[in-house]
Amino acid sequence: MAFKLPFWSPAQAEAVIFDWDGVIAETRLDFSDIRRTYYGEREAMILEDAATLPPAARFALMRDLEDLEVAGAEKAEIVRGVIEVIDWFETKKIPWAVSSRNCKKSITIAAEKISIKLPDVVRSREDGPVKPDPRALFEICGAIGAEPSQTLLIGDYVYDMMGARRAGMRGALVRGHMPPEWGEWVECHYRSMSYLSGELNAPSELTPWENQRAGRRIGKAFLRAASTLALMIPSGVPNRTDESLMTAASLGVGAFMVPDVLFSPEEWKGSPSFNPDMMGRPLIDAVRDLLGARFPLVKVLPRKGEMDRERLPNSPDGMEAFLRDILSI
């Protein structure tokens, strides 16, 4: 079943990135002693905050971390339901990869223990940036020939969902219990891989993460109607165009038509949410850069001359009323 924009389902993914521990291999790692030993009472991201430690402590941390991961890998069990999920994607010839914060040695040992064949693309912490750094996910997408906006990230921890959000990917949290404070990062939540397998075989219509706040207020019918719109950006880019674009996109507008003009410094001053690196470049590049990761399903298209299209309002104020009027909702 294929859902029309802006709605989606994991079954529509064109590529999949799996987290490893807790998603494919269950190693039951407990990092509490490592956190206590090296970071005390401080809330810290174990890998990222290692740079704050003295060299000797940093070396000891990485040694202890590898020892913990390898010990867990040697007792690994396969996550129930994951074979069915992997088989579903492989049957449809959808490429998949693994992205893990664990060391490569532990992944290899666990894969042998649970008798699973690793995909061609497996990235561990030795391979460069790790989730939630989006560069880790962009690199994998490049390696498997996938667009981030069409890629599904399956994970069991908040770092996975952070990575999905930062990379403009769809994200599925697979975990028995979701801490309430993770809710703002999570797009969809399944209690187990078996539940995700059920979703793949009987897809439900999901609202994208970036439209969920507006969707709760205006409803799916509004989002569905707005997704058919292609609003035209005027040639003289007015102040607050950045805010107008993001407000319209959050309300479900599916496409924007952009004139063939350069993005000037003066225009940036009136719309500073655009990346300043975009000054002097084609406006369409600036709009794609602004919306790309924030609203990955939105299309940004070249405008050829004056077209019979509704114009993007000069201000985000009253955007919902404007859309309701042209949609007759």
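## Pockets and sheet

α1 (32–39), α2 (55–73) and α6 (158–167) each supply at least two residues to the lining of the largest pocket. The model is predicted.

**Pockets.** The largest pocket has a volume of about 640 Å³. Its lining counts 24 residues, and D21, L29, F31, D156 and Y157 are the closest to the pocket centre. The second largest pocket has a volume of about 520 Å³. Its lining has 23 residues, with W209, E210, N211, Q212 and R213 nearest the centre. Helices contribute here too: α6, α8 (212–218) and α10 (241–250) each give at least two lining residues. Among the contributors, α8 gives the most, with 5 residues.

The linings divide by class as follows.

| Pocket | Nonpolar | Polar | Charged |
|---|---|---|---|
| Largest pocket | 7 nonpolar residues | 4 polar residues | 13 charged residues |
| Second largest pocket | 9 nonpolar residues | 6 polar residues | 8 charged residues |

**Sheet.** An open sheet is built from 6 strands, in the order β5-β4-β1-β6-β7-β8, with parallel pairing. β5 (122–123) and β8 (188–190) are the edge strands; each has a single partner strand, so one side of each is left without a neighbour in the sheet. Inside the order, β1 (residues 15–18) and β6 (residues 151–155) run parallel and are joined by 4 bridges. F18 has I154 of β6 as its bridge partner.

Notes:
Residues are numbered from 1 along each chain as its sequence is written. This is a predicted model: local features need pLDDT of at least 70, side-chain atom pairs count only at pLDDT 80 or more; totals for chains, interfaces and linings use all residues. Side-chain values use heavy atoms; hydrogens and water are left out. On a 1 Å grid over the protein atoms alone, a cavity is a set of points where a 1.4 Å probe fits but cannot get out, and a pocket is an open set with protein on both sides within 12 Å along at least five of seven lines; lining residues have an atom within 4 Å of a point. Grid points are joined across faces, edges and corners, and a volume is the space filled by probe spheres set on the points. Ala, Val, Leu, Ile, Met, Phe, Trp, Tyr, Cys and Pro count as nonpolar, Asp, Glu, Lys and Arg as charged, and the others, Gly among them, as polar. Two strands pair if DSSP finds at least two bridges between them.
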